[in-house]
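Work through these exercises with the structure open. Try each task before reading its solution.

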Amino acid sequence: MAIKKLLFASLLICSMIQSSHGATKERLFTDLEKGALEITATPSRTGEGVVLAAGIDKLSITWKVSSTATKEPEFKTIKVKLCYAPISQVDRPWRKTENELFKDKSCPHKISSFSYDPTVKTAQSFDYTLERDIPTGTYYVRAYAVDAKDHEVAFGQSTNQDKTTNLFSVQAISGRHKSLDIASVCFSVFSVVALLVFFVNEKRKAKIEQSK
Amino acid sequence: MGDSTGDTGSSMHGVSTDKTGKYDLPVDLEDRATVFKLFSFAKPHMRTFHLSWISFSTCFVSTFAAAPLVPIIRENLNLTKQDVGNAGVASVSGSIFSRLVMGAVCDLLGPRYGCAFLVMLSAPTVFSMSCVSGAAGFITVRFMIGFCLATFVSCQYWMSTMFTSKIIGLVNGTAAGWGNMGGGITQLLMPVVYEIIRRCGATAFTAWRIAFFVPGWLHIIMGILVLTLGQDLPGGNRKAVEKKGKVVQDKLGKIMWCAVSNYRTWIFVLLYGYSMGVELSTDNVIAEYFFDRFHLKLHTAGIIAASFGMANFFARPAGGYASDIAAKYFGMRGRLWALWIIQTAGGLFCVWLGLANTLVTAIVAMILFSLGAQAACGATFAIVPFVSRRSLGIISGLTGAGGNFGSGLTQLIFFSTSQFTTEQGLTWMGVMIVACTLPVMLIHFPQWGSMFRPPSTDPVKGTAEYYYVSEWNEEEKQKNMHQGSVAFAINAKSEDGRNAPSTITV
């Protein structure tokens with residue numbers, strides 16, 4: 001009984017430690033400075049109904065710090081991410097937008113991360129080829145400005161507040177290969193044939209035994 | 001497996017049952033082993049045990065192989081929450097039908113062919129997972145792979161032919177528990193295999209497809225082993241023993257009627273739906289739950305999810321063992337009480353799991369829930385062999401099917417819609433477990449009693465022999481088809497509790 005009491009007590013302590021951990025104030029998205037970074041993302045192919053191919057098509061991303069940015073001295077790193085547009089979040093709770101930054105899952109795909117050089121005042125750009133593990137969906141680009149404590153302080157995105165403009169669609173790779181399909185068929189056939197061979201063989205042996 | 005003619009037909013009247021000269025282990029009147037030697041591989045009893053649980057485990061590995069990889073698969077195939085939930089329902093639905101069929105197959109053709117055929121014919125379905133490209137394909141393939149869970153029936157059936165009733169709770173519990181462990185092993189195995197393949201250079205969306213070849217190969221290997229090393233009965237393979245005139249061919253219609261007209265069958269179908277059924281549902285949702293709710297990495301979520309399924313290693317045998325201990329002191333009534341207590345406790349822990357807000361409490365609740373649910377499965381199959389002697393296969397099949405039906409239903413109601421979050425679904429599932437376990441109070445055996453009623457005092461109808469022999473009509477008794485039931489009834493005296501004879505040397 002003493003052991004049980006000890007176990008129960010340690011359980012209680014552990015759960016209390018866990019819950020107290022979450023008592024510190026969580027950092028919220030709404031606290032970040034909006035529009036501090038001006039960012040545009042231009043797909044390599046544009047037009048009505050164009051769907052970009054993952055692994056092939058590129059985005060040309062141009063960014064600069066807005067003249068209205070107030071937290072600019074704190075910027076240490078710029079993290080650029082690919083984010084889901086609302087239409088790609090429907091019926092998919094694992095892509096949900098949350099105000100608490102650590103819970104937010106709407107921007108899981110890292111595009112690039114580089115340190116901020118305050119001396120360069122002009123717009124900078126770079127190219128990004130869509131990775132082969134980007135799922136099918138509709139996206140926009142967001143850049144976070146991160147301070148020395150690795151906390152986000154400001155952001156900018158290539159779409160408007162409601163996330164309805166300048167969106168682009170991506171089609172994922174299928175992941176299938178002809179060699180996989182062939183291997184799969186071969187092993188399947190082997191399994192069925194091996195079974196039949198055993199079965200027929202045994203029946204034959206039983207018949208021979210019986211006729212003895 | 002009764003003896004109609006031949007030398008063993010008269011062995012029930014005063015002959016010593018120790019045949020250690022012929023077999024590695026001591027046996028009873030029906031050549032079934034009376035002890036359980038875990039680390040032996042001796043023919044035929046222990047070898048059957050190991051072949052049986054490993055092939056069943058392989059089927060669990062392949063049926064739930066998709067679950068820990070869902071975070072990757074859902075992105076590759078562009079699945080919605082409904083698609084993922086429906087695939088989970090599909091994965092357990094196929095075997096509702098196949099478990100019923102397997103019951104009949106075992107009764108008619110023997111468990112060795114049943115097991116081998118199923119395992120080898122479902123290998124193509126596992127390989128075809130690498131070719132799916134959308135939600136429809138994913139759901140269809142998970143449905144087809146799920147058929148192989150019918151090896152549960154061949155496993156339990158095979159154990160019941162090889163081991164005597166006094167230890168059947170422990171044996172069935174261990175074989176099935178270790179088989180169910182496959183549901184836990186897969187949560188560890190598949191993410192690790194996936195990770196290795198990815199590091200060898202494959203992209204994420206190709207790596208998971210290649211990973212499915214591993215369970216596929218396991219199917220082929222186990223099928224071949226069962227065919228080459230297994231045997232149906234202690235005395236040999238069914239066809240050979242039948243031809244020697246020792247085993248009687250029974251009629252499908254008769255055994256079906258015997259199973260279906262016994263109300264206890266249906267109560268067990270419901271009960272198992274809420275012990276095994278919830279275990280299967282949890283196997284499908286738990287990794288994704290920990291990944292999404294507590295922001296863990298894929299393989300971390302996999303490790304936690306694995307511990308749910310791996311608890312089967314001792315939980316299910318413990319349930320069977322607890323049932324056997326309860327039977328030693330209180331007979332069948334003890335078994336029924338043990339089942340109710342264990343399954344209800346599992347339900348309460350499931351409620352707690354859904355309410356847990358922190359990672360540590362969630363893990364603790366999950367482990368306690370797994371112990372309760374899995375021990376309840378063991379305790380269920382410690383009683384099922386006593387419901388009927390003639391239709392053991394079909395009743396095992398129906399109960400097993402009930403497990404899957406319960407799983408499909410629970411996943412459909414609680415985990416496939418946007419109406420409940422996963423944590424709410426878990427809580428409500430726990431409530432449903434407690435409610436659906438209450439009918440165990442209705443199970444009454446005239447010869448042994450029930451939870452609240454003592455056994456019947458009628459000198460004829462209150463005997464085990466009457467209960468089991470009444471499954472045969474006069475015509476069949478004339479042909480001596482019921483002798484197996486008579487032998488079974490004698491061995492079943494162990495369920496009388498403290499009044500039972502200490503050894504069976506009739």
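This is a predicted model: local features need pLDDT of at least 70, side-chain atom pairs count only at pLDDT 80 or more; totals for chains, interfaces and linings use all residues.

## Exercise 1: Inside chain B

Task: Find how many residue pairs are in polar contact across the interface of domain 1 and domain 2 of chain B.

Solution: Next, see which helices of domain 1 take part. α2, α3, α7 (151-162), α8 (168-180) and α9 (182-199) of chain B each bring at least two residues to the side facing domain 2. α3(B) gives the most, 17 residues. Then sort that side of domain 1 by class: 28 nonpolar, 20 polar and six charged residues. Now turn to salt bridges. The domain interface has two. R74(B) pairs with D292(B), with the closest N and O atoms 3.2 Å apart. Finish with area. The domains of chain B bury about 4,400 Å² between them, and carbon and sulfur atoms account for 64% of it.

## Exercise 2: Between the chains

Solution: Count the salt bridges: two. R112(B) and E202(A) form a salt bridge, at 2.2 Å from N to O.

## Exercise 3: A span in chain A

Task: Check the fold of residues 182-200 of chain A.

Solution: An unreviewed UniProt entry labels this span "transmembrane region". In the model, the span is 100% helix and 0% strand, with its end C-alpha atoms 27 Å apart.

Methods:
Residues are numbered from 1 along each chain as its sequence is written. Chains are lettered from A and ligands numbered from 1 in the order in which they are written. Side-chain values use heavy atoms; hydrogens and water are left out. A salt bridge is a side-chain nitrogen of Lys or Arg within 4 Å of a carboxyl oxygen of Asp or Glu. UniProt positions are given in the numbering used here, feature names are shortened, and annotations may be inferred rather than shown by experiment. Helices (H or I, at least four residues) and strands (E, at least two) are DSSP runs, numbered from the N terminus. Buried area is the accessible area (1.4 Å probe) that two parts lose on being put together, summed over both. A polar contact is a pair of N or O atoms within 3.5 Å; within protein, one must be able to donate a hydrogen and the other to accept it, and residues adjacent in sequence count only if both atoms are side-chain atoms. Ala, Val, Leu, Ile, Met, Phe, Trp, Tyr, Cys and Pro count as nonpolar, Asp, Glu, Lys and Arg as charged, and the others, Gly among them, as polar.
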